[in-house]
Structures are given as structure tokens and as C-alpha cells.
Amino acid sequence: MKRCEVPVRVLALEALLRRLPLTYPNRDAIEEEYRRYWAGYQGELSLSYDLSFLQEQDYYIFHDLRLQYENHYFQIDILLLSASFALIIEVKNYAGTIFFDRTFKQLIQTKNGIEKGFPDPILQVQKQRELFEKWLTSQKIQTLPLESIVVITNPYTIIKCNPGNAEVPHKVIHRNSLLLKIEQFEIKFSQPQLQRKELKKLSKFMVKQHIPHQPNLLETYAISPVNLLKGVYCPRCSFLPMERKKLRWHCPKCLHSDKTSHIICFKDYLHLNKSSMTNRECSDFLQVPSLKSSARLLESLNLTWSGQTRDRIYHLSLENLTQHEKSP
């Protein structure tokens, strides 16, 4: 029902790293966050293969479903919905050795002799389960039996916990045990709670209730827009800026030439600034001196707009930009 796609935060971090000078003071922290989120996405993507073995008619699968309960937003990595039960999966792609410290409710990762502390993913997935249950109740939807687990996608990760802790072996599994765990839930919850028609209706409703998250990384990292590099990047060698000549973009470094390199520039603006752009803002960000040329680029995207011709505001859409990026 909702496929595994590159998270918007990953796309925004990529855009930010493209637009920051290599010597920017806080760049290391941004690169570390990017690596962490990218690893998480790769872990979630790897589970798509395992989940493909489930009977298609028995399960509705949601990746990165973000819902709102009262004033709180919560995001579920993977939600499996069947007529008998619902399963919330928190996906982690840790490497090395991980230790679930139940005394201080934290996870400690040891990798290459270095220890790092992280929030306890068991507590995270339990909180998601509580909020999801409250959300179902608030929508007057019949509550299914709910289960939650943490899946470690790296098969070489060593999992440890305090002696006598029975919760971790019950709640935390490696990826290769996922299908077996689901089979155990199928046996435990063998009685259908919803009819197929009701299940389909609920699944469609949940997709409609999904609220995409648009992070404000400039605010998060206290970066002023004046620190961002402007211009159109060369997709082949990353040279900045490309030159606009005869309706094409030309790279003076590797001599690459094409018609669509400006699309990724619009995407960077959308992820880092705002979802609307004037002709003058377009000219400035793409570093196109001619307002006539920048207006032509905006109009070629068939964007929705508001205002009069002179003060027209174009509304950027990720779907629209991606569609034009794929066009020949």
C-alpha cells in the first residue's frame, strides 16, 4: 500500500551537502546524520525482499507511515496489516555488537573498539504501538491485536543484553528470523477480526491519513541561506556552476552538456528553502542572469502558480520535478 522509498530527510540531507562548502564548520555532523539515515533506509529496503514472500492477498504493507494523534506525529518504519493482527516493525541497521542496557534504557553499540549510545529501539516501537492504538480508537476503527518487534537487518551484528532479560530475545530479532516470527503471530492470532472488504477500506484510509514530513535542515543546523552554494551542478563531475548556452547546460570542466540539469537544482531549492519560487528567486538560485531565461525554465515545468504575471509565484512539487527529470 505504501512502498519503500528514499526518505525525504535523506533527499534533503543530500541537497544540503551539495550546497555547503566542503570547509563548512558543521559539515561532519551533517555527513554523519546522512550516513545514519541512509543506512536505515538500506536496512528497510532489504526487508522488502523478505516481505515479498508473504501471501499478497493476506497482508497490506506500509513503509514509513506517518500519522497524527492529537498534537503528536509518529512514524512507523514498517506496518503489516492483516485481517487477524497488525505488526509494527522498527528497523535498525547497526553493525558490530549492540548491547541492550535495561538498567538505563539505552542501546550501546561497540564498533571498531568505539562505544556509542542510542535510544532504546524497544521503547521506541512500544511508543509507536501505543500511539497507533490510540489513533485507531480516535478514528473509531476496530482495534486489531497489535504486536511490535525490532528487526536488526545486518546479519553479522552481535546482539547482547543483561543476564536474565527475557524481553530482548522476545522483541529483537535478526532479519533472517522475520518470516518465522510472522508465522508465530499467524498461529497466535488465527481468528480473523476484519473482513477482507473492511481491511482494504482501512488500508486505503490509512494511506490518505499519511502526513509527509518536510524537515527544515537550515533551522536544525542553524544555517543561513546565504551560506548555500548557488548554481546548477554538473551531473557528471559535480562542477558548479554550469553555464546556460543555447537552451542547454554546459560544464566547462568535463564538457558535459544536457537540457535537464536544472531539475535537481529546483529539487535542492524545494528541500532546503520553500515550496514556492518567484522568477527572480529562480534567476538568483540557478545563477541565470536573464530573467527571461529563468521564466522560460519555470514555465517549462507546467507548475501551478498564483499572482499576476509580474509577481507570479510558482509552486514546486517533488512529483512534478521527478516526472520532468525522467522525461527525455
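Guide: Helices (H or I, at least four residues) and strands (E, at least two) are DSSP runs, numbered from the N terminus. By that count the chain has 11 helices and 15 strands. The model is predicted, with local features needing pLDDT of at least 70 and side-chain atom pairs pLDDT 80 or more, while totals for chains, interfaces and linings use all residues. Residues are numbered from 1 along each chain as its sequence is written, and side-chain values use heavy atoms, without hydrogens or water.

The part to look at is the packing of H8, residues 262-272, against H9, residues 279-286. Their axes (lines fitted to C-alpha atoms over the stretch in contact) lie 11 Å apart, at an angle of about 110°. H8 is therefore roughly perpendicular to H9 (65 to 115 degrees between N-to-C directions, on a scale from 0 to 180). On the H8 side, the residues in contact (heavy atoms within 4.5 Å) are His262, Cys265, Phe266, Asp268 and Tyr269. H9 meets them with Glu281, Cys282, Phe285 and Leu286.

As for the whole chain, its C-alpha atoms fill a box of roughly 70 × 55 × 35 Å along the principal axes. Of its 328 residues, 44% are buried, meaning under 20% relative accessible area with a 1.4 Å probe. Among contacts between residues at least 6 apart in sequence, 59% join residues at least 24 apart.

Methods. Parallel < 35°, antiparallel > 145°, perpendicular 65-115°, else oblique. Buried < 20%, exposed > 50% of the residue type's maximum accessible area, 1.4 Å probe, protein only.
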